[in-house]
Structures are given as C-alpha cells and as structure tokens.
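Have a go at each task before you read its solution.

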Amino acid sequence: MPSVVRVLALQGDFQAHARLLRSVGAEPREVRVPGELDGLDGLIIPGGESTVMTLGIEREGLADPLRELHGAGVPILGTCAGLIMLDRDHLGLMDIRARRNAFGRQLHSFEADLDLAGFDGVPLRAVFIRAPWIAERGRDVEVLAEVDGHPVAAREGRLLAVAFHPELTDDPRLHELFLSGLG
C-alpha cells in the first residue's frame with residue numbers, strides 16, 4: 001500500500017510536489033483544512049509566499065493541528081517558504097530561524113548543484129527562487145547542504161527543510177529521502 005502524503009495546498013506549486021510523489025509510488029492528497037490532515041503518513045509544506053501561507057494557516061485554523069502532527073511524530077518536509085513556516089518564528093516546529101529572501105529578490109534566483117548528505121556524491125540540482133537560508137540553528141539540527149557557507153538543507157528528527165524547490169526538477173531523490181523517513 002503506498003504512503004499517503006498530504007501536500008498543504010493553500011499556496012505554492014503543490015501540484016508539482018504531487019507529480020513527484022506519484023512518480024516515486026506515494027499517494028499525494030491536498031490538504032486545505034484541519035479535517036484533511038487525517039490518515040496521512042507524511043506532510044509537505046511547499047514553497048510560495050510565507051506571509052500569504054501564514055495568513056491561510058491562520059484563516060483555516062491549521063497552526064495547532066500542524067503542531068499536533070509534529071508532536072505525534074509525523075514526518076514533515078518544508079521547501080522554500082515551507083522551511084520558513086517550520087522555523088521558530090512561524091509554526092515553531094524546527095529549531096531554526098530562517099532569513100527570508102536571503103539570496104536576494106526574484107531577479108537573483110538561481111540554480112546550483114548541491115552535495116546533499118546521503119546522496120552518494122551525485123549532486124542534486126536545486127532551484128532557488130527568492131530563497132531563504134537558515135540563519136540560526138539549534139545543536140540538534142543536522143545541516144545537509146550549504147551554499148556559500150549558508151545552510152540550505154537541514155534535518156531535525158522527522159523534519160526535513162530545504163531552501164529550494166525540488167518539485168521544479170525531474171529529480172525525485174529529495175522526495176525519496178523524505179519518503180524513506182516515513183516508516
């Protein structure tokens with residue numbers, strides 16, 4: 001039976017995440033309200049605009065249910081704005097503080113090959129769009145990749161946070177890494 005992974009569908013390219021999840025054998029489902037969080041094996045908080053996402057989470061009453069999911073040990077992947085949503089200043093799930101738009105505005109968007117821990121030396125192509133980086137982190141946060149000395153991928157327990165958009169490439173390895181933590 002495939003893993004059921006919900007993708008927060010308030011904003012961002014949640015459909016691209018669903019496409020990649022299907023390609024690796026998971027069953028993606030969109031979530032917009034607390035009742036849609038039932039029966040999942042994992043959750044993805046996609047990129048988008050963190051202020052809009054914060055307002056949507058507040059409007060739909062999702063903040064406490066998302067914290068309860070984390071407290072129950074459900075794996076969560078945050079990408080770009082999703083990384084921001086996981087930090088101390090937003091949902092407070094991960095012991096990090098993100099710096100928004102850390103690499104610059106839209107015109108400073110870029111792609112880079114990352115040496116991501118656990119990928120056996122084969123770089124991961126990462127798409128950074130108005131991307132954050134991890135400005136502060138607690139001692140239990142494991143940095144998985146950096147750009148110019150700034151952490152852009154990290155793990156803490158069952159939380160995985162990346163500052164880029166893995167859903168904008170055809171490389172499923174980050175989603176596979178996330179799914180490997182669902183068991």
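## Exercise 1: An aromatic cluster

Phenylalanine 103 is buried, its relative accessible area being 19%. Keep in mind that the model is predicted.

**Task.** Work out how the rings of phenylalanine 103 and phenylalanine 110 are arranged, then follow the ring pairs to find which residues they link into a cluster.

**Solution.** 

Step 1. Start with burial. The cut-off for buried is under 20% relative accessible area, so phenylalanine 103, at 19%, counts as buried. Phenylalanine 110 has a relative accessible area of 24%, which makes this residue partly exposed.

Step 2. Turn to the geometry of the pair. The ring centres of phenylalanine 103 and phenylalanine 110 are 5.2 Å apart, and the planes meet at 70°. Planes over 60 degrees apart count as edge-to-face, so that is the class of this pair.

Step 3. Move on to the next ring. Phenylalanine 110 also pairs with phenylalanine 128, with 4.6 Å from centre to centre and 10° between the planes, and this pair is stacked. Because phenylalanine 110 sits in strand E6 and phenylalanine 128 in strand E7, the pair ties together parts that are 18 residues apart in sequence. Phenylalanine 128 is buried, with a relative accessibility of 1%.

Step 4. Collect the links. The structure holds 5 aromatic pairs, and ring pairs join Phe103, Phe110, Phe128, Trp133 and Phe164 into a cluster.

## Exercise 2: Two strands and the core

**Task.** In which sense do E6 and E7 pair, and over how many bridges? Then say which residues have the most contacts inside the largest nonpolar core.

**Solution.** 

Step 1. Strand E6 covers residues 110-114, and its pairing with E7 is antiparallel, over 5 bridges. Aspartate 113 is found opposite arginine 125 in E7.

Step 2. Check how covered E7 is. Of the 5 residues in this strand (124-128), 4 are buried.

Step 3. Now the core. The largest nonpolar core contains 62 residues, and Leu43, Ile45, Phe128, Val152 and Phe164 have the most contacts inside it. Helix H4 gives the most to this core, with 5 residues.

Step 4. Take one of those residues and list its neighbours. Leaving out residues up to four places away in sequence, phenylalanine 164 touches several residues, including Leu124, Ala126, Val127 and Phe128, as well as Val152 and Leu174.

Notes:
Residues are numbered from 1 along each chain as its sequence is written. This is a predicted model: local features need pLDDT of at least 70, side-chain atom pairs count only at pLDDT 80 or more; totals for chains, interfaces and linings use all residues. Side-chain values use heavy atoms; hydrogens and water are left out. Buried means under 20% relative accessible area, exposed over 50%, partly exposed in between (1.4 Å probe, protein chains only). Two strands pair if DSSP finds at least two bridges between them. A nonpolar core is a set of buried Ala, Val, Leu, Ile, Met, Phe, Trp, Tyr and Cys residues joined through side-chain atoms within 4.5 Å. Contact means heavy atoms within 4.5 Å. Rings of Phe, Tyr and Trp (its six-membered ring) pair if their centres lie within 6.5 Å; planes under 30 degrees apart count as stacked, over 60 as edge-to-face and the rest as tilted.
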